[in-house]
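Here is a short briefing for a first look. Take in the sequence and the fold, then read on.

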Amino acid sequence: MMYTKEEMRELVTLLNEAARAYYELDAPIMQDSEYDALYGRLCLMEEELRERLDDSPTRRIGGRPLASFPPHKHAYKLWSMDKCQNAGELRAWLTRIEKLLGRTPSFFVEHKLDGLTINLTYHDGRLIQAATRGDGETGEGVLPQTMTIGSVPLTIPYRGFIEVQGECFMKLSILRRYNESAAEPLKNARNAAAGALRNLDAAVTASRRLSAFFYHVGTPVAPPLMRRDQMNAFLISNGFPVCPFLKEADAANPEESILRIVDTIESDRSSLDYLIDGAVISVGEAEARETLGYTDKFPRWSIAYKFKAEEAITTLKAVTWEVGRTGKLTPLAHLHETDFTGVTVRHATLNNFQDITRKQLNIGCMVRLRRANDVIPEIIGRTDETQPGEIPIDKPMGCPACGTPISERGANLYCDNKLACKPQAVMRLTHYASRDAMDIDNLSEKTCSQLFDALGVRDPSGLYTLTMESLTALEGFGEKRAGNLLAAIKRTRNIALDAFLFALGIPLVGRKTARDLAGYFVTLEAVINAREENLLALEEVGPVMAACITAYFADDCNRILIRKLLECGVQPQARVHSGNGMPLTGKTVVITGTLPHYKRSDMAALIIGLGGSVSETVGKKTDYVVAGENAGSKLTKAHTLRIPVFSEEAFLEKMKYQSNSESL
Ligand SMILES: [Zn+2]
């Protein structure tokens with residue numbers, strides 16, 4: 001069949017509208033099957049026409065998982081926000097504003113979303129980068145992940161260089177639906193969103209169906225500064241989803257009006273489909289914002305009014321002990337069923353046995369619960385009055401799974417039966433196989449439990465002794481399934497070092513620390529032999545974690561496991577990093593003279609935003625020079641060194657050309 005470009009344009013527009021209706025408005029305009037069929041047709045069209053439009057939905061998913069997140073320097077700093085928690089503190093802030101301005105400005109109140117901040121960079125109408133906030137100056141580039149968010153526009157009508165900030169989150173309804181069928185339910189919408197956006201595999205991000213609201217244009221020069229409500233209008237006209245709640249305070253009595261709006265938000269909080277943890281109050285007019293400026297940490301023109309955590313009271317019915325991967329016993333509180341912020345609550349978390357004694361909890365006592373936006377709330381304490389028939393909670397003497405006598409270390413209780421305690425072994429195997437670790441498909445907790453029971457697999461090295469014969473003898477294993485599992489296990493022999501370190505399940509060592517360790521020490525040998533003082537050289541490793549890591553590798557049991565894995569042919573390798581494909585990645589640019597349209601600082605921000613760096617001096621390492629009027633010795637030197645020199649116009653043209661021709 002022959003398709004035309006017009007048909008492709010129409011189909012892309014239709015699919016984008018459908019995605020927006022589905023993800024953002026939650027009002028689907030077509031069946032999933034119809035969407036899939038049209039999406040398939042678009043793939044055919046793109047193949048046939050050998051072209052893919054900038055806003056094609058086929059750009060959203062795909063590509064392989066990244067090895068690491070490329071750092072991204074924000075063109076403009078992402079500030080954190082000053083906080084207040086009561087009317088008095090709010091009044092003090094309002095008074096300060098009026099004093100600094102010498103008048104009363106307009107104020108806007110909006111939801112303070114409890115998600116993850118993202119900063120999107122657009123150039124020439126195309127999304128070219130998305131980054132987490134990081135430390136405010138440098139974040140992590142999460143472009144492929146962000147592109148899976150259905151409501152984030154890939155192209156916008158506005159053509160200039162622009163940074164747009166917003167909050168990425170998981171809707172509570174989506175979280176509930178996800179948890180209904182998930183192997184590992186997510187505890188908390190905020191962590192679910194953060195974990196999804198900061199997942200190296202964009203396919204995982206896509207599966208969480210994240211949403212985002214945008215609220216700030218970070219580039220203050222172009223488009224020109226706007227009032228808060230006009231900024232929203234600008235965002236909407238460029239296709240960005242914005243939070244539906246934005247209210248201007250009554251100018252006649254702003255303090256009273258703001259407090260009333262904040263109250264309304266707090267009482268409506270539990271009916272929202274997304275998490276908020278307060279309200280944001282900000283000065284409306286751009287000029288006033290500019291006059292007020294910033295402290296070294298915060299903008300003076302906005303403040304977050306934080307809500308108190310929500311509490312409820314119910315009866316503690318029982319406490320059971322769950323054995324974790326490290327053998328640690330964690331108490332789980334069983335509660336008299338209660339409705340708490342719209343969710344039925346049956347369980348709550350407690351930290352350890354000391355936590356139970358310190359809070360003087362008994363079976364049958366009334367406990368106070370707090371939800372800090374978690375699905376499982378926390379017990380913060382008990383009520384003062386004693387209930388009839390309260391029974392003390394016993395410290396378990398033996399492991400609830402295997403009966404081994406408990407050992408006590410610090411505040412925690414442990415079962416030290418590492419090899420034969422089933423829940424420990426099964427969870428270690430499951431962790432070893434998980435996606436961020438060795439990534440062995442189809443090795444679920446259930447299968448691990450089957451391998452433990454029927455084939456005596458006690459630790460990960462046991463996986464490498466599995467055969468077609470032993471597997472097909474198991475219930476539910478045909479030749480195909482067994483073959484797939486064996487192939488997946490075989491593939492782990494060439495594993496990245498960071499994934500291997502994570503797979504070992506060293507206490508406290510998460511995905512990021514494993515990556516840092518692999519990046520710093522390069523070989524497994526070096527990590528194993530690292531001393532505490534070497535480990536402390538890593539930014540995120542403190543004394544406790546360093547001690548944990550050295551203790552892990554000093555343990556004979558763990559050394560034997562690692563030796564066995566190496567003997568099974570597992571060869572952890574350091575990863576090779578590749579650039580992140582921004583138009584100016586790795587390039588150094590010098591700006592000299594007066595540019596016709598851009599201020600020097602804004603041109604510098606543009607260059608940084610496109611992945612490059614800006615230098616003051618022309619030298620051998622300079623890649624390009626952008627020269628304006630009255631460019632002096634730097635221009636002469638550039639000519640001498642034969643460094644390409646561009647006018648402002650030519651440079652912008654070049655960037656545009658590059659960003660258009662850049663492939664996926
Ligand atoms: Zn045990």
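Leaving aside its neighbours within four places in sequence, which residues is R300 in contact with? They are L292, G293, Y294 and T295. Two residues are in contact if their C-beta atoms, placed from the backbone, lie within 7 Å.

This is a predicted model, in which local features need pLDDT of at least 70 and side-chain atom pairs count only at pLDDT 80 or more, while totals for chains, interfaces and linings use all residues. Residues are numbered from 1 along each chain as its sequence is written.

**Two loop residues**

- R300 sits in the loop between α10 (286-292) and β11 (302-306). Helices (H or I, at least four residues) and strands (E, at least two) are DSSP runs, numbered from the N terminus.
- R300 has 18 C-beta neighbours inside 10 Å, so R300 counts as partly exposed. A residue is buried with 20 or more other C-beta atoms within 10 Å of its own, exposed with 12 or fewer, and partly exposed in between.
- R300 and S461 are 161 residues apart in sequence and 58 Å apart in space, C-alpha to C-alpha.
- E137 lies in the loop between β5 (126-132) and β6 (138-140).
- E137 is exposed, with 11 other C-beta atoms within 10 Å.
- Leaving aside neighbours within four places in sequence, E137 is in contact with K73, H74 and K77.
- From E137 to Y76 is 61 residues in sequence and 7.6 Å in space, C-alpha to C-alpha.

**Helix α8**

- Helix α8 spans residues 228-237, and its buried residues are R228, M231, N232 and L235.
- Seen down the axis of α8, these buried residues fall within an arc of 100°, so they line one face of the helix. The arc is that of the directions from the helix axis to the C-beta atoms.
- The buried residues of α8 pack against β3 (107-113), β7 (162-169), β8 (211-217), β9 (246-248) and β10 (276-283).
- The face turned away from the buried side of α8 carries the exposed residues A233 and S237.

**Helices α3 and α9**

- Helix α3 (residues 87-101) packs against helix α9 (residues 254-268) at an angle of about 135°, with their axes 11 Å apart. Axes are lines fitted to C-alpha atoms, for helices over the stretch in contact, and angles run from 0 to 180 degrees between N-to-C directions.
- The contact is made by A87, L90, R91 and L94 of α3 and P254, E255, I258 and L259 of α9.
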